[in-house]
Number of protein chains: 2
Amino acid sequence: MAASAPVASNSNVMDMVKSFATQTDDFLRRFLANVHDAPPLLMESISYSLFGPGKRIRPALAMLSCRAVGGDVTLALPAAAALEFIHCFSLVHDDLPAMDNDDLRRGRPTNHKVYGDAVAILAGDAMNTMAFELLATQVPDPVLAVRLIRELGIATGAAGMIGGQVLDTCYPAEKSRGTQGSLEHLQHIHRMKTGALINAACRMGALSGGASDTDLQTIDALGRAVGLAFQIVDDVLDATSTAENLGKKAGKDAAIGKLTYPTLLGLDKSREHLAQQVQIARDMAERLGPLAEPLAQLVVELAQRDH
Amino acid sequence: MAASAPVASNSNVMDMVKSFATQTDDFLRRFLANVHDAPPLLMESISYSLFGPGKRIRPALAMLSCRAVGGDVTLALPAAAALEFIHCFSLVHDDLPAMDNDDLRRGRPTNHKVYGDAVAILAGDAMNTMAFELLATQVPDPVLAVRLIRELGIATGAAGMIGGQVLDTCYPAEKSRGTQGSLEHLQHIHRMKTGALINAACRMGALSGGASDTDLQTIDALGRAVGLAFQIVDDVLDATSTAENLGKKAGKDAAIGKLTYPTLLGLDKSREHLAQQVQIARDMAERLGPLAEPLAQLVVELAQRDH
């Protein structure tokens, strides 16, 4: 949308997201086609998870954040593809028997159910590695490439997504449940486990679009709010939706006594928190101006999603 | 051994390797000290494997390759540290029950035996990610940083180390044993599984030292020979050594009918192949001149190691 353009309707923005998903998948396919001499079984396992059904939210956030600061959306394609590699690697590893032990993901058998644990571990490893290789080979400007690799590395690593997964997997919920510090603890886990990569999507997109320092700060505030909002929706859906709707087991959080927004605050308070985060994101988008309209619309859509 | 330079004795070069190991460990410790807000359990699991006993061969190859092309060895420290991250991540994942299922590594319980499978998987993931983050943050020249990330990514990924592990884990030995193509198949696995990262160590070291294209080609030939030599020694040791010597189970390859140099060619022929590769590496080192002396000595030492 340009300066004088009409407000993007929700259906418009979801069409844009679909188009971004196709562009990202195409970009990833071209990248994988240039990997020679890899075992076919490994490449099949990677493709099974990478090109499965999914909304490609992180690519969409990257590309709309790029646009929000005045860049052409295609400038964010390497960032979008790298983010999807990392997201997908984390899903494959999180589903493993040693971790969340999930049989179903996006309505299909999980990677290790199809290819076995060994190949699933190695497919995840390869996607983790390839995310960084992709940025180093597909971003023409080395200064930008290094910056994006740094952002993605920090968001993914021990103090980001992977660290959050350790907290989520290894620190029993009962340790923090019901105490005064619980909400803080919960938000800390989420900021790392889900929030860091979502915020990185916004930041990397903005950096790809040549964001000023001021715009990057605004995008960062937006990205943090979107990250929290995203996780609250996830928790609420797990508590209220059906497996059919989710494409994975529902009600699992409560069943295993996991610390979530609904188990901690109840559904109403959770939805209040969600509305607050959406409002922050919309305020930040407004600060960025009309080019950030579709980004604001996407945030609203994400908050309303039912699967 | 070189023309005008004093002859590096074997003990000299192993002293250098020890000093490089200390410098690499210090570099890694400083890097990890700057990771804030990571779960202590994850950092402990990473440190357990990263700073365990080990020769730090890849750092030594990188630093001596840097020197071989005229660079100060410390220029290769980021490459050395990143290589050790990747090597260590691969050991932690390879030892998992779903993979090689090893209880013992370098004479100590494997990472998952101490921290559980979930943390071991995530510690490996974090080290994989941090290798690239380290290069992006610790190499001052962005053009060199991007080049090193590309080299490391390709050597680690689906067509490198990880792909080699898939071949090794998932393609049963009986499929290729005894056929004409076996040696080729064996070398293909090894070139990917072990050779790619060892060659990358040499190449990344040389690039860090500002190698010319010609020198890089020579280092590449040397690195390929060292990679093959290294694996032959590993196979021969598994067939001939004791668990006490190795710090891990011995005779395991034969027990599981794995395709190795000794099972395929017998011990004598394996040692012949080894001698050939060592000679190639020494020839290439000679071509590089006197500064490559210690590198040549290290190759000889590696070929003679008994654990």
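Me: Which residue of chain B comes closest to the rotation axis?
Reply: This is a predicted model, in which local features need pLDDT of at least 70, side-chain atom pairs count only at pLDDT 80 or more, and totals for chains, interfaces and linings use all residues. Residues are numbered from 1 along each chain as its sequence is written, and chains are lettered from A and ligands numbered from 1 in the order in which they are written. A rotation of 180 degrees with 0.0 Å of shift along its axis places chain B on chain A at an RMSD of 0.0 Å (least squares on C-alpha atoms of residues with pLDDT of at least 70 in both), which is the relation of a two-fold axis. At 2.8 Å from that axis, by C-alpha, lies B:Pro142.

Me: Which helix of chain B gives the most to the side that touches chain A?
Reply: The contact (C-beta atoms, placed from the backbone, within 7 Å) takes 45 residues from each of chain B and chain A. Helices 2, 5, 6 and 7 of chain B each supply at least two residues of that side (helices are DSSP runs of H or I, at least four residues, numbered from the N terminus). With 14 residues, the one that gives the most is helix 5.

Me: How many residues of helix 3 of chain B are buried?
Reply: Helix 3 covers residues 57-68, and its end C-alpha atoms are 16 Å apart. Buried residues (20 or more other C-beta atoms within 10 Å of their own, C-beta atoms being placed from the backbone) include B:Arg58 and B:Arg67. The count for helix 3 of chain B is 12 of 12.

Conventions
Two residues are in contact if their C-beta atoms, placed from the backbone, lie within 7 Å. The expected span of a helix is 1.5 Å times one less than its number of residues.
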